[in-house]
Amino acid sequence: MPKIDVIETMIVDVPTIRGHVLSMATMRTQTAVLVRIRFSDGSEGLGEGTTIGGLSYCPESPESIQSVIETYIAPGIVGLDGDDINAVTQLVDRMVQGNRIAKSAIEIALWDGLGKRLSVPVSQLFGGAVHKRLPVAWTLASGNSDTDIAEAEEMVERGRHNIFKLKIGKRAVADDVAHVSKIAKALGERASIRVDVNQAWSLQDARWGLKGLQEAGCVLVEQPIKARYRHAMAELTAKYEIALMADEILNGPEDALVVAANHCADVFAVKVAQSGGLKRGAEVIAIGQAAGLGLYGGTMLETGLGTSAALQLFATVDRLEWGTELFGPLLLTDEILANPIVYKDFNVEVPQGDGIGAELDMDKVNFYSRDRSKTVRAVSGT
């Protein structure tokens with residue numbers, strides 16, 4: 001029985017290739033919490049917990065993710081059976097309320113370790129991959145229409161992306177609609193245009209915004225209003241032909257059930273970290289499928305490590321009607337994986353190999369790491 005022996009955490013800060021403009025913040029660096037679990041049989045597993053824009057996006061920050069793992073999760077699970085992931089995660093749920101991203105980082109490392117010990121990819125542990133590659137979107141978030149058009153043109157020309165999501169919500173609704181319309185007109189039939197408002201609009205703004213976006217040729221709007229206004233999401237979903245996608249409103253299967261039952265969205269943006277891990281993410285997917293909703297492989301802009309884990313899960317899903325957004329590593333100026341994820345022909349390839357199919361380049365990790373890291377070890381004899 002391979003016991004959980006040592007849990008290590010490290011925060012890395014990797015610059016982005018450009019300012020990534022969201023409605024609530026502008027990112028110029030992405031910060032990730034990396035987790036390594038060493039087991040008593042000598043095997044190990046890797047995980048990642050990443051959020052967006054510090055605390056401006058959600059209640060968890062990189063610092064809180066590391067602190068929760070070090071202070072509350074790790075001391076409670078060292079010495080436990082590393083193969084019994086259900087028992088470990090259920091214990092973690094009892095010990096720690098919320099903090100889904102911290103839990104996800106630990107859970108990914110457990111699945112990675114189990115896959116490596118069994119010499120199978122994590123996708124096999126979730127029923128088996130049905131895709132070797134998946135469509136992948138690119139987010140246009142410079143905030144400037146001409147810059148975004150030039151960036152999109154380059155992506156199409158290179159065969160890297162033909163699905164684009166625009167980050168809007170910082171400006172007046174009319175200005176946002178004009179921005180999207182200009183880009184949609186420039187790209188025409190060569191690309192699919194979606195937007196993410198990141199909860200920035202009021203219901204009144206959203207009524208006007210969805211109407212204008214629909215007329216501009218946009219096909220999908222992600223979380224235009226605050227997650228807590230479920231009744232308003234349901235109203236918008238019922239009123240407009242343009243697809244409405246739930247994101248921040250989805251924090252695990254419980255939320256997914258409420259959203260589906262109340263017709264609050266047409267599409268689920270499924271995020272592994274936001275769901276609480278791969279297993280909870282699979283449950284969100286199952287609820288969306290049962291409700292007849294569209295599915296989209298979402299991202300917290302993870303490094304290649306977290307992206308590899310997400311790809312293992314999404315590769316098992318028969319229909320991802322809206323593709324994926326797993327471009328996180330491409331937004332960074334440097335790669336922290338020994339073997340980077342492959343992006344080509346408008347797709348992202350599912351990593352091959354055991355576990356999540358990813359190994360760290362420790363020289364790069366050490367270069368971008370903050371000074372402080374923490375190790376929690378099992379007590380001898382546990």
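User: How do the axes of helix α2 and helix α3 cross, and which residues make the contact?

Analyst: In this predicted model, the axes of helix α2 (residues 85-95) and helix α3 (residues 100-118) come within 11 Å and cross at roughly 170°. Axes are lines fitted to C-alpha atoms, for helices over the stretch in contact, with angles from 0 to 180 degrees between N-to-C directions. Angles over 145 degrees count as roughly antiparallel, so α2 is roughly antiparallel to α3. Contact means heavy atoms within 4.5 Å; I85, V88, T89, V92 and D93 of α2 meet K103, E107, L110, W111 and L114 of α3. These residues divide into 6 nonpolar, 1 polar and 3 charged. The model is predicted: local features need pLDDT of at least 70, and side-chain atom pairs count only at pLDDT 80 or more, whereas totals for chains, interfaces and linings use all residues. Residues are numbered from 1 along each chain, and side-chain values use heavy atoms, without hydrogens and water.

User: Is strand β3 buried or exposed?

Analyst: Buried means under 20% relative accessible area, with a 1.4 Å probe and protein chains only. In β3 (residues 44-50), 7 of the 7 residues are buried, so the strand is largely enclosed by the rest of the structure. E44, L46, E48 and T50 point one way, and G45, G47 and G49 the other.

User: What joins β3 to β2?

Analyst: Strands pair if DSSP finds at least two bridges between them. Here 7 bridges join β2 (residues 26-39) to β3, and the two run antiparallel. I37 stands opposite G45. The hairpin has 4 residues between the strands, and G42 takes a positive phi near 95°.

Key
Buried means under 20% relative accessible area, exposed over 50%, partly exposed in between (1.4 Å probe, protein chains only). Angles under 35 degrees count as roughly parallel, over 145 as roughly antiparallel, 65 to 115 as roughly perpendicular and the rest as oblique. Ala, Val, Leu, Ile, Met, Phe, Trp, Tyr, Cys and Pro count as nonpolar, Asp, Glu, Lys and Arg as charged, and the others, Gly among them, as polar.
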